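Reader: I would like a close look at a single part of this model, its nonpolar core, together with the strands and loops that go with it. Could you take me through that part in one connected account?

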Amino acid sequence: MYYSGQELHVEHGGGDPPPYPQAQPAALHPQRRRPSAFRVLVRAFIAACTVVVAVAVLVWLIYRPRAIQVAVDAATLSRFALNTTANPRPVLSFNLTAGLTIRNPSRRTAVYYDVLSADGFYRGLRFGAAALPLSYQGGRRADAVRAVLVGSSGVVSWDAGAFGEDNHTGVFPVTLWVLGAVRYKYGGLMTTSATMLSARCPLALKLVEASSRVECTVISF
């Protein structure tokens with residue numbers, strides 16, 4: 001078919017054909033903000049704490065201390081008398097000598113005894129105390145110490161009736177408490193802060209008669 005000098009236009013609703021769609025530029029990514037100095041310090045602090053805790057746990061697992069062992073080898077009560085005529089309270093006079101063995105069973109851990117004493121109790125009431133001459137103990141070592149409690153006590157109200165019964169039977173229920181503040185040294189790495197040591201030693205004592213050996217119960221160490 002022939003068309004006279006005129007080009008055939010396909011109608012597109014009139015006018016020129018629509019332009020090809022132009023590619024839109026990609027949206028610019030928002031610039032990331034740099035962490036503030038405060039956040040950096042917080043992260044560094046958390047990381048340092050994590051390292052310290054991990055090292056402490058590792059050291060504890062390697063040098064884990066075992067409970068200190070305490071025993072009364074023998075105890076002698078040479079005087080134990082209650083003066084009920086004293087005013088305003090009865091006065092208890094006592095003379096107690098006890099030989100103790102304190103043992104550190106840990107192989108890699110040494111013990112510093114900042115404070116160490118033997119405190120005497122009769123029927124739940126404290127009547128006297130004596131310092132124990134032990135300040136340092138290496139690993140797997142046992143030391144014998146001697147406690148001498150001499151004096152009188154009228155600070156508390158002693159039960160004259162209960163004392164009379166014990167005096168009649170000839171056996172006095174005395175409890176010796178070994179108390180102290182101890183620190184543990186893990187090899188050459190570190191030394192812990194002080195913790196409380198307490199060991200309970202129940203005794204049944206007769207006048208002027210040495211008791212048999214008693215293993216004490218360690219409550220805390």
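**The nonpolar core and its surroundings**

Author: The largest nonpolar core has 41 residues, and those with the most contacts inside it are Phe80, Leu100, Phe127 and Leu176. At least two residues of this core come from each of E1, strand E2 (91-104), E3, E4, E6, strand E7 (172-186) and strand E9 (195-205), and the most is given by E7, with seven residues. This is a predicted model, in which side-chain atom pairs count only at pLDDT 80 or more.

Leaving aside residues up to four places away in sequence, Phe80 touches Leu92, Ser93, Phe94, Tyr122, Phe127, Phe163, Phe172, Val174 and Leu207.

Strand E3 (residues 109-122) and strand E4 (residues 125-131) pair in the antiparallel sense over six bridges, with Ser117 standing opposite Ala131 in E4. These two strands form a hairpin with two residues between them, and in the turn Arg123 has a positive phi of about 50°. Elsewhere, an open sheet of four strands runs in the order E6-E2-E1-E10, with antiparallel pairing; its edge strands are strand E6 (141-153) and strand E10 (214-215), each of which pairs on one side only. E1 and E10 are joined in the antiparallel sense over two bridges, and the bridge partner of Ala71 in E10 is Glu215.

Pro65 lies in the loop between helix H1 (37-63) and strand E1 (69-83), and Pro65 counts as buried because its relative accessible area is 14%, which falls under 20%. The C-alpha atoms of Pro65 and Ser106 are separated by 5.6 Å, although these residues are 41 apart along the chain. In the loop between E1 and E2 one finds Pro88, which is joined to Asn87 by a cis peptide bond with omega of about 10°.

Most residues other than glycine have a negative phi, and most peptide bonds are trans. Against that background, Arg140, which is not a glycine, has a positive phi of about 50°; its place is in the loop between strand E5 (136-137) and E6, and Arg140 is exposed, with a relative accessible area of 55%. Val208, likewise not a glycine, has a positive phi of about 50° and sits in the loop between E9 and E10, where Val208 counts as exposed at 65% relative accessibility.

How values were computed
Residues are numbered from 1 along each chain as its sequence is written. This is a predicted model: local features need pLDDT of at least 70, side-chain atom pairs count only at pLDDT 80 or more; totals for chains, interfaces and linings use all residues. Side-chain values use heavy atoms; hydrogens and water are left out. Two strands pair if DSSP finds at least two bridges between them. Buried means under 20% relative accessible area, exposed over 50%, partly exposed in between (1.4 Å probe, protein chains only). A nonpolar core is a set of buried Ala, Val, Leu, Ile, Met, Phe, Trp, Tyr and Cys residues joined through side-chain atoms within 4.5 Å. Contact means heavy atoms within 4.5 Å.
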